[in-house]
Amino acid sequence: MTRILHVLDHSLPLHSGYTFRTRAILRAQMARGWQVRGLTGRRHGGDGPDVEQVDGLTFHRTPGPPSTGNALLREWRDIAAHADAIEQLVGEWRPDIIHAHSPVLNAIAAQRVARRHGIPMLYEIRAFWEDAAVGNGTGAEGSPRYWLTRQLETHAVRAADAVAVICDGLRADLVARGVDAAKIIVSPNGVDMEQFGVPAPRDPALTAKLGLEGADVVGFIGSFYDYEGLDDLIAAMPRLVRARPSARLLLVGGGPCEDALRAQATASPFADHIVFVGRVPHDQVEHYYAQVDILAYPRKAMRLTDLVTPLKPLEAMAQGRLVAASSVGGHRELIEDGVTGTLFAPDDPAALAAALAGLFADRATWDERRAIARAFVEDQRNWSANILRYEPVYQRLLGASGPARAAA
């Protein structure tokens, strides 16, 4: 039975798009009959045992808190600690394949061990670390750190036995760097239909608690980062409310921009039409999806959003919600304008308000659009099908590594 060791940044029980994709991959691989384990680095940061069972999945932890001090030295120390933990688990469990997931620090740590033991390694990129840092406000495009991280990413990709990316944008960028296209597969974001496949009914008590009775509800459920464009969504509310007086904006989640967004909402002339919920337990999220008519994703135009496809719009489609999103590259890979969703110009609150008002004025098409979007997720973005994309790559790597493993 094939054993796959997933090398990760962080995992459940922490909640993020990263951990939910990981859970979906591991659960689907277990259903396929493979044995899987995850190993997180020091950046996981969660309290818990060295080996933790979550949702039927086994996660090992690299011991120790993240290093402090100079950024470069800190990261190299964390890589060394992660490599030591991988080395120990490889000796105990003897995986057949190491599947390392971005950021690139995980790939560097995993490659050290994979080469030593003759184990094939697949490196999966969900976003380029340098672009994620820009999007999160912790880095600047064109800086020395940005350049160095980009060079490390390119080196890691070339050293890996195979590469997976979550979308065509990332694949095209790597090919432009000179990476062999035949080495790269696209394993797109998907939805665990067992979890999101049956939309929850709207809870009237929750509707009343949130003050949404009879409202046209626009919602965002996720993390409050600057690149998500939630400031544009709040800025669009005056125009939307003038066109649709019953419009309400429901914001569920939290993050670095939360305080600034709350202050912006308070200063809005339509502050009473904007509802902040805060973070909610993951097992309650579906009840908030059920309160929303249209999920809005106004991501700003930048390298990160042009290259990377998000997960949340797919979850919204699976929940039977309408989707409106900015026309950045990552959204255009997921959404066909006027068919599975509505696209509008990024960084433009007026365009956003017009798109939302137009959707509310055209309710006759809603049932058809919801059905088409849900069918798209079921047919093309369902993890039970997506997982098959890894299988031929694993088989090729195992076939190629036989002599190396025997000699190790």
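User: Which residues are linked with Arg303 in a network of salt bridges?
Analyst: This is a predicted model, in which local features need pLDDT of at least 70 and side-chain atom pairs count only at pLDDT 80 or more, while totals for chains, interfaces and linings use all residues. Residues are numbered from 1 along each chain as its sequence is written, and side-chain values use heavy atoms, with hydrogens and water left out. A salt bridge requires a side-chain nitrogen of Lys or Arg within 4 Å of a carboxyl oxygen of Asp or Glu. On that criterion, the residues in the network with Arg303 are Glu130, Asp131, Asp173 and Arg177.

User: Is Arg177, which forms a salt bridge with Asp173, buried or exposed?
Analyst: The closest N and O atoms of Arg177 and Asp173 are 2.9 Å apart. Buried means under 20% relative accessible area, exposed over 50%, and partly exposed in between, with a 1.4 Å probe and protein chains only. Asp173 has 11% relative accessibility and therefore counts as buried; Arg177, at 12%, likewise counts as buried.

User: How far apart are the closest N and O atoms in the salt bridge of Glu130 with Arg177?
Analyst: Glu130 lies in helix H4 (residues 129-135) and Arg177 in the loop between helix H6 (168-176) and strand E8 (184-186), so the pair links distant parts of the chain, 47 residues apart; helices (H or I, at least four residues) and strands (E, at least two) are DSSP runs, numbered from the N terminus. Both Glu130 and Arg177 are buried. The closest N and O atoms are separated by 3.5 Å.
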